[in-house]
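Visitor: I'm new here and would like a friendly tour. Could you show me what we're looking at?

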2 protein chains.
Amino acid sequence: MPDIQLVIVGSIGIDTIETPTEKREGILGGSASYACAAASFFARTGMVGVVGTDFPSNYVDLYNHFGICQEGLQTEEGKTFSWSGVYHENMDDRDTLDTQLNVFEHFAPKLPASYIDVPYLFLGNIHPSLQLDVLNQVSNPTFTLVDTMDLWINISREELDAVVAKVDMLTLNESEARLYTDQHHLLDAAPALLAKGPRYVLIKRGAHGSVLFSSSGDIFIIPAFPVRHVNDPTGAGDSYAGGLMGYLAQQDDIREDTLRNAMMYGGITASFGVEKFSLERLKEINRADLDDRADTFRKMVDIP
Amino acid sequence: MPDIQLVIVGSIGIDTIETPTEKREGILGGSASYACAAASFFARTGMVGVVGTDFPSNYVDLYNHFGICQEGLQTEEGKTFSWSGVYHENMDDRDTLDTQLNVFEHFAPKLPASYIDVPYLFLGNIHPSLQLDVLNQVSNPTFTLVDTMDLWINISREELDAVVAKVDMLTLNESEARLYTDQHHLLDAAPALLAKGPRYVLIKRGAHGSVLFSSSGDIFIIPAFPVRHVNDPTGAGDSYAGGLMGYLAQQDDIREDTLRNAMMYGGITASFGVEKFSLERLKEINRADLDDRADTFRKMVDIP
């Protein structure tokens, strides 16, 4: 079997999601699910995560559809992590209704031997101590990206700082960047985040795209592909990061020109993902669809 | 004297503006002031507007500094229009504290003979019946842009429709586009706006840039230049539109490639404008400063 090019750790959840127009129960979610599916269009991706003995076999089939390596997927006695949320009318804001950690509560990630030498590593949004645990198990990665959220900034700042100090790139959204640095403006928050260690800080702005800040001082701004009907924004950031890291792993190159293209492909992958619930839309498309939309996008942003 | 390349009609006001950090009284404002100053970096610009006999001579000097033709600037007995507003902590939202129409109440724009054959016309944000009045006085413009606001959409929709039906481009912000069309999503609102007549609809998204929708179906998305210290966002949309129209008038070309560059220059001009109150920052810069920042911006958005 060919070597794994990218390892992704994150949550695997059974979600119940309510939007202004639809409610779906028991669908596959979690940062690792979205990120691995997105990455799989570009690179051989190995998943690290945990599910309970109740994890439906059709979701395993779905992972297999994407060709996701599940050697690092642990199954533990008990129920799979579950999350339930409801979106506001604007489809941007949401409220969490319920979170059941279940088997995730005592998750201790253990990387299989085939993952240890992996060149690209994405630490999806889970507790920073678990992210650090995974980071410490890989031998010498070429490029590592870490995602996080307001919860960990609030309750586990020290562990988060420890992870951030060791990775190549940190990604978070604008409000999290403000929370983490106490700086209102992005142009002040970004240097404060870079000072924590990473060479790059990638700020996600949802429907407004993303901004890359480099320790060299370079800034790259890219809009989002305009999606007509966003049916479920859950996992958009995970798909974005998964697509980005998958593209980097496929190119096996981390120069800034490649990073810019990786961000474009991350955004394009996410733009498909939000068109349907869970992984339903990603399941329908292939790499050629991503390339087609990327071509359309390039024309949309070109300044002649 | 060389021919006027661009005519701009709009308000001229004496503003009192309060931001979270500073309060300034009696400063020069109004859509025509911002738009004409911005346009003057690119093209010979003629102003259409009205001031009272109290209008300070140093503001006339300021218009002269920018080389703005004031042949279409009427002076009427009474006080100049004044506006007072206060910005919220986020510097995006603001509340109007006071509006005194004064001489603006009975303003009847009368274009001087030298303006009649002007090829480029910007109808800045004033009552649509005044915009229509100006539009009907020019002979055969190459390209006309109209700006508007929620107030006119709410109270003068029919007059606004009449103007919009006759121009080449309509510009407004996202919430105004929703209000005007009753469509929540931009991708639904834009076709509804194009159906009113213009060939282009330009949606302003403030710090997130702007989007151009063409009746051909083309979409152009451009981010905003990231400004570290926004000290006064007043007039940003007017500077943007003024810079855009000035660039078009200078190029005397309205192909979409040129429009895209015009939007970039509009955004760059506005990015300087918001760095200080009133026209203070625009007064300090020249065309070379705009070109330098445009070069920086191009590098920031380039996808290699």
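Visitor: Which helix is B:Leu132 found in?
Guide: This is a predicted model, where local features need pLDDT of at least 70, side-chain atom pairs count only at pLDDT 80 or more, and totals for chains, interfaces and linings use all residues. Residues are numbered from 1 along each chain as its sequence is written, while chains are lettered from A and ligands numbered from 1 in the order in which they are written. Helices here are DSSP runs of H or I with at least four residues, strands are runs of E with at least two, and both are numbered from the N terminus. B:Leu132 sits within residues 128-135 of chain B, and that stretch is helix 3.

Visitor: Is B:Leu132 buried, exposed or partly exposed?
Guide: A residue is buried if 20 or more other C-beta atoms (placed from the backbone) lie within 10 Å of its own, exposed if 12 or fewer, and partly exposed in between. B:Leu132 has 17 other C-beta atoms within 10 Å, so we call it partly exposed.

Visitor: Leaving aside neighbours within four places in sequence, which residues is B:Leu132 in contact with?
Guide: Contact means that two C-beta atoms, placed from the backbone, lie within 7 Å. With neighbours within four places in sequence set aside, the partners of B:Leu132 are B:Glu159, B:Ala162 and B:Val163.

Visitor: Over in chain A, where does A:Asp117 lie, and is it buried, exposed or partly exposed?
Guide: A:Asp117 belongs to the loop between strand 7 (94-100) and strand 8 (120-123) of chain A. It has 13 other C-beta atoms within 10 Å, so A:Asp117 comes out as partly exposed.

Visitor: How many helices and strands does chain A have, and how compact is it?
Guide: Chain A has 11 helices and 13 strands. The globule rule (2.2 Å times the number of residues to the power 0.38) goes with a radius of gyration taken over C-alpha atoms. For 304 residues the rule gives 19 Å and chain A is close to that, so it is as compact as a globular protein of that length, with a radius of gyration of 18 Å.

Visitor: In which sense do strand 11 and strand 12 of chain A pair?
Guide: Look for A:Lys204, which stands opposite A:Ser210 in strand 12 of chain A. Strand 11 (residues 200-204) and strand 12 (residues 210-214) of chain A are joined over 5 bridges, and the sense is antiparallel.

Visitor: How many residues of chain B are in contact with chain A, and which helix gives the most?
Guide: On chain B, 20 residues are in contact with 20 residues of chain A. Among the elements giving two or more residues to that side of chain B are helix 7 (186-194) and helix 11 (287-301). The top giver, with 4 residues, is helix 9 of chain B.

Visitor: How are the two copies related?
Guide: Copies are superposed by least squares on the C-alpha atoms of residues with pLDDT of at least 70 in both. Chain B can be laid on chain A with an RMSD of 0.0 Å by a turn of 180° and a shift of 0.0 Å along the axis. The copies are thus related as by a two-fold rotation axis.

Terms used. Two strands pair if DSSP finds at least two bridges between them.
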